[in-house]
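Please read it alongside the sequence and the model.

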Amino acid sequence: YRASGCARSGHFPEMPTPFWKGSEMGNRVAVVGIGQTQHTAVRGDVSLPGLLREAAYRALADAHMTMDDIDAIVIGKAPDFFEGIMMPEGYLAEALGAVGKPLLRVHTAGSVGGSTAIVAASHVQAGVADRVLTIGWEMQSCSEAMWALSFPIPFQQQLVAGAGGYFAPFIREYIRRSGAPDDIGILVALKDRLNALNNPYAHLHEPDITYDSVKDSFMLWEPIRYSETCPSSDGAVAMVLCSEAAAAESTAKSGIKPAWVHGMSMRSEPSMASGRDQVSPLAGIECAADTYRQAGITNPRAEIDMIEMYVPFSWYEPMWLENLGFAEEGEGWKLTESGVTQMTGDLPVNCSGGVLSTNPIGASGMLRFAEAAMQVRGQAGAHQVEGVSKALGHAYGGAAQFFATWVVGAEKL
């Protein structure tokens with residue numbers, strides 16, 4: 001179906017019905033608590049357990065719960081060599097209130113935050129738990145992620161001083177295919193960094209940023225400039241996910257409506273598969289298609305009010321707009337150029353500032369999911385979009401081979 005372009009036209013392949021749909025086994029899932037830390041280059045004021053507890057306690061307070069109310073904890077982070085702290089989940093159990101409770105760690109490279117949220121939600125859907133605390137984090141200041149990503153691996157494409165060296169050729173190929181003007185990346189970076197000024201938790205606050213300052217920043221990996229790439233951040237984010245009955249209890253105490261999970265999916269594909277399209281990976285298309293089908297969405301462009309999208313390098317906004325079915329192939333850059341993806345546009349993207357402004361890698365995907373839920377709950381403060389009833393959270397990782405998406409809405413399905 002790739003050759004037919006059906007994914008770009010909003011017609012997606014049939015997917016099997018997940019077990020929770022139309023089944024007595026399944027439960028609705030609600031997001032009732034969200035908390036995140038202040039994100040900075042170095043959080044030297046807290047230990048790693050303290051960083052996680054900061055996010056967890058804020059999420060629990062938002063849900064009007066305590067650690068004692070939680071049935072299970074699902075955590076996720078990027079590869080251990082990013083921090084140089086191997087298998088930290090063991091010693092973090094006590095700090096997270098997980099002693100005597102199920103504690104599960106998830107890992108899917110950069111998409112891990114999204115995947116972790118989905119695994120946590122599946123515990124509620126399956127009836128395994130009524131209240132699940134999920135946390136994503138990274139304390140990149142403990143190590144050096146760029147060089148951690150640059151070690152030689154036999155029979156693999158080399159990353160060349162960080163992830164940007166890997167993705168730059170695919171961005172150049174997108175530009176070639178689409179004929180996009182060469183300043184689209186500048187427009188995305190400027191938009192997201194200006195949006196970050198409305199997010200008090202964002203890492204980068206650059207009030208003096210301009211089109212020219214982005215354009216004049218030095219080239220890292222052509223066509224990716226310094227100001228078009230994500231920072232290295234310390235930070236964490238947590239959510240409390242609940243069953244329908246538990247959500248009613250939480251809402252009665254907080255007075256804040258939950259965000260209901262309408263659909264969610266994960267997909268992956270082999271990074272070195274012959275014929276793989278790394279500009280628009282099939283796994284990303286199928287991941288979105290499955291999520292939309294679960295949510296009853298047939299026209300994402302018309303039915304989704306805003307997107308929190310995983311954009312670590314600015315050119316990935318137009319690329320993912322196409323991959324996720326919001327634009328025809330080669331047309332995503334036109335949405336960016338015309339202002340559609342601005343906070344004032346009719347499809348706002350990354351109102352929080354996105355990964356371009358905050359990037360604690362293990363938390364970055366969950367931040368996209370959490371920020372989408374915040375928009376639905378009306379909790380986004382100065383970067384709130386008026387009237388959001390459905391929002392998409394998106395994450396990708398590895399060699400653009402791991403994908404996770406969810407759609408959350410104000411109403412139950």
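## Strand E10 and its partners

Strand E9 (residues 306-308) pairs with E10 in the parallel sense, over 3 bridges. Strands here are DSSP runs of E with at least two residues, helices are runs of H or I with at least four, and both are numbered from the N terminus; two strands pair if DSSP finds at least two bridges between them. This is a predicted model, in which local features need pLDDT of at least 70 and side-chain atom pairs count only at pLDDT 80 or more, while totals for chains, interfaces and linings use all residues. Residues are numbered from 1 along each chain as its sequence is written, and side-chain values use heavy atoms, with hydrogens and water left out.

Met306 stands opposite Ala391 in E10. E10 also pairs with strand E11 (residues 402-409), in the antiparallel sense and over 8 bridges. Within that pairing, Trp406 in E11 is the bridge partner of Gly393. The hairpin of E10 and E11 has 4 residues between the strands, and Gly398 there takes a positive phi near 65°.

Strand E10 (residues 390-397) is mostly covered, with 8 of its 8 residues buried. Buried means under 20% relative accessible area, exposed means over 50%, and partly exposed lies in between (1.4 Å probe, protein chains only). Lys390, Leu392, His394 and Tyr396 point one way from E10, while Ala391, Gly393, Ala395 and Gly397 point the other way.

## The sheet

E10 belongs to an open sheet of 9 strands with mixed pairing, in the order E3-E2-E4-E7-E1-E8-E11-E10-E9. Its edge strands are strand E3 (103-106) and E9, each of which pairs on one side only. On average, neighbouring strands of this sheet are turned by 25° against each other, direction ignored; the axes are lines fitted to C-alpha atoms, for helices over the stretch in contact, and angles run from 0 to 180 degrees between N-to-C directions.

Elsewhere in the sheet, strand E2 (residues 72-77) and strand E4 (residues 131-139) run parallel and are joined by 6 bridges. Ile73 stands opposite Leu133 in E4.

## Nonpolar cores

The largest nonpolar core has 90 residues, and those with the most contacts inside it are Val31, Met239, Tyr292, Ile307, Tyr316, Phe326 and Trp406. Helix H13 (residues 361-377) supplies the largest share of this core, 10 residues. A second, separate core of 30 residues includes Ile70, Leu96, Ile135 and Trp137. A nonpolar core is a set of buried Ala, Val, Leu, Ile, Met, Phe, Trp, Tyr and Cys residues joined through side-chain atoms within 4.5 Å.

Leaving aside neighbours within four places in sequence, Phe326 is in contact with Tyr292, Pro300, Arg301, Ile304, Ile307, Leu321, Leu335, Leu347 and Leu392. Contact means heavy atoms within 4.5 Å.

## Aromatic pairs

The structure holds 16 aromatic pairs. Rings of Phe, Tyr and Trp (its six-membered ring) pair if their centres lie within 6.5 Å; planes under 30 degrees apart count as stacked, over 60 as edge-to-face and the rest as tilted. The rings of Tyr316 and Tyr396 are stacked, because their centres are 5.5 Å apart and their planes are at 25°. This pair links distant parts of the chain, with Tyr316 in helix H11 (residues 316-323) and Tyr396 in strand E10, 80 residues apart. Tyr316 and Tyr396 are both buried.

Trp320 and Phe403 form an edge-to-face pair, at 5.6 Å centre to centre and 90° between the planes. Trp320 lies in helix H11 and Phe403 in strand E11, 83 residues apart. Trp320 counts as buried at 0% relative accessibility, and Phe403 is buried with a relative accessible area of 2%. One aromatic cluster is formed by Tyr166, Phe167, Phe170, Trp221, Tyr310, Phe313, Tyr316, Trp320, Tyr396 and Phe403.

The buried residues of H5 include Tyr166, Phe167 and Phe170. Among the elements that cover the buried residues of H5 are H11, helix H12 (332-337) and E10. H5 is followed by Gly179, which has a positive phi, near 70°.

Arg193 is in helix H6 (residues 184-196) and is buried, with a relative accessible area of 3%. Apart from neighbours within four places in sequence, Arg193 is in contact with Leu204, Glu206, Ile209, Ser227, Thr229, Leu356 and Ser357.
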